[in-house]
Each structure stands twice: as structure tokens, then as C-alpha cells.
Amino acid sequence: MKVRIAWTGGEVTADLRDSPTVKQLLAALPCEASVNTWGEEVYFELPIKASLEADARQVVEPGTVCFWVQGSSLAVPFGPTPVSKGDECRLVTRCNVLGRIQGDARQLKKVKQGAAIRIELISDKA
């Protein structure tokens, strides 16, 4: 499953894995929201409520697509956040891992606080 995360002036594509939270996300798409930034992370609220999954993590690789359960938000770190130790991507709390950005996740650095962002399913039909 692939999704496009787009904002004025750019977009990234992400591959999603199969998980309960991903199923909820796919059922809610397409979604639009206002972006928040936190260090080198973008996050935005989604109209879904999920429980923490068994493999939830706080430290992830750059470009990991996560769902922050407490904030009902998609969170995508691409570098250090205010709670990181060194260069790691550390989320504020453990989050459900949904997938990964294809290519260079640092493109997300172009997304500005308060910008409109949209996430939508990419059709498998080409």
C-alpha cells in the first residue's frame, strides 16, 4: 500500500505495512490537516483513534511513518527532535510504526509550521 503526503511545493510517497492502525488510516483517506513541526519532524492530526501496538517504538530511522496515539497524529521524523540523543530520530513517546518514506525523507524539511498537508492513497493501477 502506498500513500502520497503532499503540501504546497512538494510531496513524498510512503510504503505502508499491514497493521490495525494502517487499516484505520486507509479507511479515513483522503485527509487534510495543518502541519506542526517539532525539531526535524512533521506531524499532523488525523481523524482516527488507535491503541498502542505491541511493536510501537520511540526511536526510529529517518523517514519512518508513525502514528502518535496520544495526539491522534501522523508523525514523520527525518532528523533529530528536541528529545533526541545525538542524531537519532526520537519521538515524544512510543508510536505505532506504519511504514517508510520512499527516497529522501529530508524533503519534509521544506514543510512549514501551519502549512496545509494532504495524505491520500495512491492507486495500484498505473
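**View 1. Salt bridges in the predicted model.** The salt-bridge count comes to 11, a salt bridge being a side-chain nitrogen of Lys or Arg within 4 Å of a carboxyl oxygen of Asp or Glu. This is a predicted model, in which local features need pLDDT of at least 70 and side-chain atom pairs count only at pLDDT 80 or more, while totals for chains, interfaces and linings use all residues. Residues are numbered from 1 along each chain as its sequence is written, and side-chain values use heavy atoms, with hydrogens and water left out.

**View 2. The D15–K2 salt bridge.** D15 and K2 meet through their side chains, N to O, at 2.5 Å. D15 sits in strand β2 and K2 in strand β1 (residues 2-7), so the pair ties together parts 13 residues apart in sequence. Strands (E, at least two residues) and helices (H or I, at least four) are DSSP runs, numbered from the N terminus. D15 is partly exposed at 30% relative accessibility. K2 is partly exposed too, with a relative accessible area of 31%. Here buried means under 20% relative accessible area, exposed means over 50%, and partly exposed lies in between (1.4 Å probe, protein chains only).

**View 3. E53 and its partners.** E53 is in the loop between β5 (41-45) and β6 (57-60). The residue is buried, with a relative accessible area of 10%. Its side chain makes a salt bridge with that of R17 (3.6 Å, N to O). R17 lies in the loop between β2 and α1, so this pair ties together parts that are 36 residues apart in sequence. R17 is partly exposed at 30% relative accessibility. A polar contact of 2.5 Å also joins the side chains of E53 and T21. Such a contact is a pair of N or O atoms within 3.5 Å; within protein, one must be able to donate a hydrogen and the other to accept it, and residues adjacent in sequence count only if both atoms are side-chain atoms. Leaving aside neighbours within four places in sequence, the contacts of E53 are R17, S19, P20, T21, R94 and N96, with contact meaning heavy atoms within 4.5 Å.

View 4. T21, V22 and L25 are the buried residues of α1 (residues 20-28). They cover an arc of only 100° around the axis, which puts them on the same side of α1. The arc is taken from the directions from the helix axis to the C-beta atoms. An α-helix has 3.6 residues a turn, so residues three or four places apart point the same way. The buried residues of α1 pack against β2 (10-16), β7 (64-68), β9 (89-101) and β10 (116-121). Exposed P20 and A27 are on the face turned away from the buried side.

View 5. R106 forms a salt bridge with E40, their closest N and O atoms being 3.0 Å apart. R106 is in the loop between β9 and β10, and E40 in the loop between β4 (36-37) and β5, so the pair ties together parts 66 residues apart in sequence. R106 is partly exposed at 38% relative accessible area, whereas E40 is buried at 17%. Salt bridges that share partners join R4, E11, E32, R118 and E120 into one network.

**View 6. Backbone details at P30 and S72.** L29 and P30 are joined by a cis peptide bond, with omega about -5°. P30 is in the loop between α1 and β3 (31-34). S72 is not a glycine, yet has a positive phi of about 45°. S72 is found in the loop between β7 and β8 (73-77). S72 counts as buried, at 5% relative accessibility.
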